[in-house]
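Here is a set of questions and answers on a protein model. Look at the model before reading on.

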Amino acid sequence: MSGLFRHGLALAAKDLRIELRSRTALVTAVAFAGLVLVIFNFARDPAGATTRDLAPSILWVTTVFAAMLTFNRAFALEKENATLDGLLLSPMPRGALFLGKYLANLAFVAVVEAVTLPLFVLFFNVPLGGALPGLLFVTVLATVGFVAVGTVFSALAVRTRFAELMLPVLLLPFLVPPIMAAVQVTSRLLAGRPLLEQAAWLKILGVYDVVFLTLCAMIFPALVDE
């Protein structure tokens, strides 16, 4: 078990160092998130639905699609440099490969979210107030689950000819439960309601995280060996 975590952390650190040098995925994802928020800001009708009604959906749609750009790079670099086969031939456990890619993706998505949230507040003038701690909590809870699913599907899609096109098609149906729950909780938090009132939606997020983290860790070794 210690070897699994050691190898997983080493692999995640390697991906982070590569991204810090190239800045390909992060810069693209952050720029994409900013552009989407700008488009939504100018496209919304001031006389229509209120900003508070639209804001949670806009925030999470932007976050998910920006995160997909980082998922696309998770295994693409390994395939381009022909290092994926080397990793699979090494004595490193398959679980360590999943753990390393998962932790790296988690870090990338966290950076995207850390940039997206201030831009979201700036463009839509949404007063967070006391909702910020609850919003951060639900963001962590939602991100933990959908990053695991994104990691598995990025490993599956990278072996296809049209990986960039296949990943959203495969991934989006599995993101409906966490994004729906996150939007509902965010909407109520921005309306000034306490986090404790959202126990049902938080349970959905918690169950999703446990179930899909377990499933992803179990099926990943068989998936990469195919």
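The questions below concern a pocket and some aromatic rings in this predicted model.

Q: Which helix gives the most to the lining of the largest pocket?
A: The largest pocket has a volume of about 240 Å³ and is lined by 15 residues. Helices α3, α5 and α6 each supply at least two residues of that lining. With 7 residues, the helix that gives the most is α5.

Q: How many residues of the lining of the largest pocket are charged?
A: Among the 15 lining residues, E113, A114, L117, L136 and T139 lie nearest the centre of the pocket. The lining divides into 10 nonpolar residues, 4 polar ones and, as charged residues, 1.

Q: Is Y102 buried or exposed?
A: A residue counts as buried when its relative accessible area is under 20%. Y102 has a relative accessibility of 8%, so Y102 counts as buried.

Q: What kind of pair do the rings of F153 and F174 form: stacked or tilted?
A: Planes under 30 degrees apart count as stacked, those over 60 as edge-to-face, and the rest as tilted. The ring centres of F153 and F174 lie 5.0 Å apart and their planes stand at 40°, so the pair is tilted.

Conventions. Residues numbered from 1 in each chain as written. Predicted model: local features only at pLDDT ≥ 70, side-chain atom pairs only at ≥ 80, totals over all residues. Heavy atoms only, no water. 1 Å grid on protein atoms, 1.4 Å probe; cavity = no way out; pocket = protein on both sides within 12 Å on 5 of 7 lines; lining within 4 Å. Points joined across faces, edges and corners; volume = space filled by probe spheres on them. Helix = DSSP H or I, 4+ residues; strand = E, 2+ residues; numbered from the N terminus. Nonpolar A, V, L, I, M, F, W, Y, C, P; charged D, E, K, R; others polar. Buried < 20%, exposed > 50% of the residue type's maximum accessible area, 1.4 Å probe, protein only. Phe/Tyr/Trp six-rings, centres within 6.5 Å; stacked < 30°, edge-to-face > 60°.
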